[in-house]
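Welcome! Please take a look at the protein below, and then let us walk through it together.

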Amino acid sequence: MTYIRETIVTTVDAKGVAHIAPLGIIQQDHGWVIAPFRPSKTLENLAAIPFAIANYTDDVLIFAGCLTGRKEWPTVAVKNCPVPRLEAALSHSVLEVVSVDEDALRPRHLCKVVSEKMHAPFTGLNRAKAAVLELAILVSRLSMLPPEKVEAEVAYLAIALEKTGGPDELQAWSWLMEKVRDHQDAADAKGKNAVPHRGGQS
């Protein structure tokens, strides 16, 4: 069984410009695999600078923001590492790429853990945060899922949000739901604009 940890991964390009992306890193032996889809900025950055930081945070605004065009989040320099970490990280792992398993869709970058550090306490689990995270993953796959599945998942996840969410969770949810509605509107418009097929010879 594959163990995946949902993180915010920071990387840098050859000029040192940071990129922030929500990614599930995959546990393998004593390290982690980063497997970004082609094409992606994370993939380009790892090819240029083979280091990344896995940021462990419970700030769902960052997960939701990265998927809705809000990608500017404060970062902090990390000693002896070319990549910065998120300021909001509760802890982080510095990862160095040691090998790459090339793939046409998702190259797998096996990384060793160079160092780890704690920054703030983890204060417990929250169902609304988990619901927002699940919605974020759903949003990242909207083009691959049938509308009825999306609607059913949203309805179920909304229960936890309504019962246990705070202001940050509600804001993150609203950002993601804008994305869901935009996708649904685009699909509806495409359906209305489709030219019906007419039988017979032409």
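## A walk through the model

Asp-185 is found in helix α5, which covers residues 167-193. Helices here are DSSP runs of H or I with at least four residues, strands are runs of E with at least two, and both are numbered from the N terminus. This is a predicted model, where local features need pLDDT of at least 70, side-chain atom pairs count only at pLDDT 80 or more, and totals for chains, interfaces and linings use all residues. Residues are numbered from 1 along each chain as its sequence is written, and side-chain values use heavy atoms, leaving out hydrogens and water.

Now for the whole protein. It has five helices and eight strands, and 39% of its 202 residues count as buried. Its C-alpha atoms fill a box of roughly 70 × 45 × 35 Å along the principal axes.

The largest nonpolar core holds 23 residues, and those touching the most other members are Val-132, Leu-135, Val-154, Trp-173, Leu-176 and Val-180. Such a core is a set of buried Ala, Val, Leu, Ile, Met, Phe, Trp, Tyr and Cys residues joined through side-chain atoms within 4.5 Å.

The largest share, seven residues, comes from α3.

Methods. Buried < 20%, exposed > 50% of the residue type's maximum accessible area, 1.4 Å probe, protein only.
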